[in-house]
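Take a moment with the sequence and the model below. The paragraphs after it lead from the whole protein down to single residues.

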Amino acid sequence: YFNGGVVAFESGGSGLTGVFANSRWMFKLSGLVQLPLDFNFTWTFEAREGYMIDFYDEKYANVELRDTAVSDKRGSGEDHMPAYYMLNVGLEKDFKITDKVTGTFFCDVYNALNHQAITCQNKEPGNHDEILTIVPPGLLQFGFRVNF
């Protein structure tokens, strides 16, 4: 059954099933720039090939391999969901409160490009192409941190 096919085992936990994490490439880039007046600008960009699609095969429906996605397309790219990418950025300002206490005002934006990639899609008969999970939309977080 696996001969010549791309194989990905199903991940699970917290009630989420049907995610077959098997990407052939991944890219990550992060950095920090210290700006004047004690401002720090940070970023993290990550991209990867989409997770493998679970092609439901009636012929093997009763076989004890149901927790495994197999594709005979041999890496053509058609057996994976669209590419995933995310950009997170942050800006923070440090300042001194006392000799032993410092504070930081910060603002972080997660998924700044608001790219909502599909991470799990139902491929079983009757529910074909039903979207099960996506990457959450952009999120803005700001706050104050005290270090002592």
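**From the whole to the parts**

The protein has an accessible surface of about 9,700 Å², and 57% of that surface belongs to carbon and sulfur atoms. Keep in mind that this is a predicted model. The chain has 148 residues, of which 27% count as buried.

Now look at the secondary structure. There are 0 helices and 11 strands. Along the sequence, the pattern reads β-β-β-β-β-β-β-β-β-β-β.

Strand β4 covers residues 26–35, and β5 covers 39–48. In which sense do β4 and β5 pair? They pair in the antiparallel sense, over 10 bridges.

Follow β4 towards its end. Gln34 lies in this strand. Is Gln34 buried or exposed? Gln34 is exposed, because its relative accessibility is 63% and exposed means over 50%. Leaving aside neighbours within four places in sequence, Gln34 is in contact with Phe39 and Asn40. Glu92 is 58 residues away from Gln34 in sequence, yet the two C-alpha atoms are 9.7 Å apart in space.

Next comes the turn of the hairpin. It has 3 residues between the strands β4 and β5. Within this hairpin, Leu37 takes a positive phi near 65°. Asp38 is found in the loop between β4 and β5. Its phi is also positive, about 60°, although Asp38 is not a glycine. Asp38 counts as exposed, because its relative accessibility is 52% and the cut-off for exposed is over 50%.

A positive phi turns up in another loop. Asn114 is found between β8 (102–110) and β9 (118–122). Phi of Asn114 is near 55°, and this residue is not a glycine either. Asn114 has 43% relative accessibility. That value falls between the limits of 20% and 50%, so Asn114 counts as partly exposed.

Turn now to strand β7, which spans residues 84–96 and holds Asn88. Why does Asn88 count as buried? Asn88 is buried because its relative accessible area is 18%, and buried means under 20%. What does its side chain reach? The side chain of Asn88 reaches the backbone nitrogen of Asn111 at 2.8 Å. Asn88 touches Asn111 along with Val109 and Tyr110, and it also touches Thr42, Trp43 and Thr44, with residues up to four places away in sequence not counted.

Finish on the surface. Which residues form a nonpolar patch there? The patch is formed by Ile97, Phe105, Phe144, Val146 and Phe148. Together these residues have about 570 Å² of accessible area. Phe105, one of them, lies in strand β8. Phe105 counts as partly exposed, because its relative accessibility of 47% lies between the limits of 20% and 50%.

Terms used
Residues numbered from 1 in each chain as written. Predicted model: local features only at pLDDT ≥ 70, side-chain atom pairs only at ≥ 80, totals over all residues. Heavy atoms only, no water. Helix = DSSP H or I, 4+ residues; strand = E, 2+ residues; numbered from the N terminus. Buried < 20%, exposed > 50% of the residue type's maximum accessible area, 1.4 Å probe, protein only. Polar contact = N/O pair within 3.5 Å; in protein donor to acceptor, adjacent residues only side chain to side chain. Contact = heavy atoms within 4.5 Å. Pairing = 2+ DSSP bridges. Areas by Shrake-Rupley, 256 points an atom, 1.4 Å probe, with all protein chains shown as cover. Patch = residues over 30% accessible without salt bridge, like charges linked within 9 Å, V, L, I, M, F, W, Y side chains within 5 Å. Salt bridge = Lys/Arg side-chain N within 4 Å of Asp/Glu carboxyl O.
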